[in-house]
Amino acid sequence: YLSSSNSQGFYIHPSIAFTPERCCLGTVDLQLWVRKELGTSKNRKEKPIEEKESNNWVKGYEAANEIAKSAPDTVVVSIAD
């Protein structure tokens, strides 16, 4: 992470599948984005969820739900930070 005021990076939130034995099965979903604005948005509380970065967590959860539907005998746990 660079703290320079003119630097910009990208953000990535992967969803990774594991077996109960902790064997990694791979990436099953990925949210990737670049911030349009540097710094914090003053009116972020008024924005709908679809326009916020936090919507990426919702998308990851929705992807976990789709996986759970396609594998009904599997326990799916979705954890986001």
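A strand is here a DSSP run of E with at least two residues, and strands are numbered from the N terminus. The exercises below use this term on a predicted model.

**Exercise 1.** Find the element in which Trp33 is found, and decide whether Trp33 is buried or exposed.

*Solution.* Begin with the element: Trp33 is found in strand β2.

**Exercise 2.** Describe how strand β2 is joined to strand β1, and state which residue stands opposite Trp33.

*Solution.* Start from the two strands: β1 covers residues 10–18 and β2 covers residues 24–34, and they run antiparallel, with nine bridges joining them. Finally, go to Trp33 in β2, which has Tyr11 standing opposite.

**Exercise 3.** List the residues in contact with Trp33, leaving aside its neighbours within four places in sequence, and identify the side chain with which the side chain of Trp33 makes a polar contact.

*Solution.* The contacts of Trp33, with those neighbours left aside, are Phe10, Tyr11, His13, Glu53 and Asn56. Among these residues, look for a polar partner: the side chain of Glu53 makes a polar contact with the side chain of Trp33, at 3.5 Å.

Key. Residues numbered from 1 in each chain as written. Predicted model: local features only at pLDDT ≥ 70, side-chain atom pairs only at ≥ 80, totals over all residues. Heavy atoms only, no water. Pairing = 2+ DSSP bridges. Helix = DSSP H or I, 4+ residues; strand = E, 2+ residues; numbered from the N terminus. Contact = heavy atoms within 4.5 Å. Polar contact = N/O pair within 3.5 Å; in protein donor to acceptor, adjacent residues only side chain to side chain.
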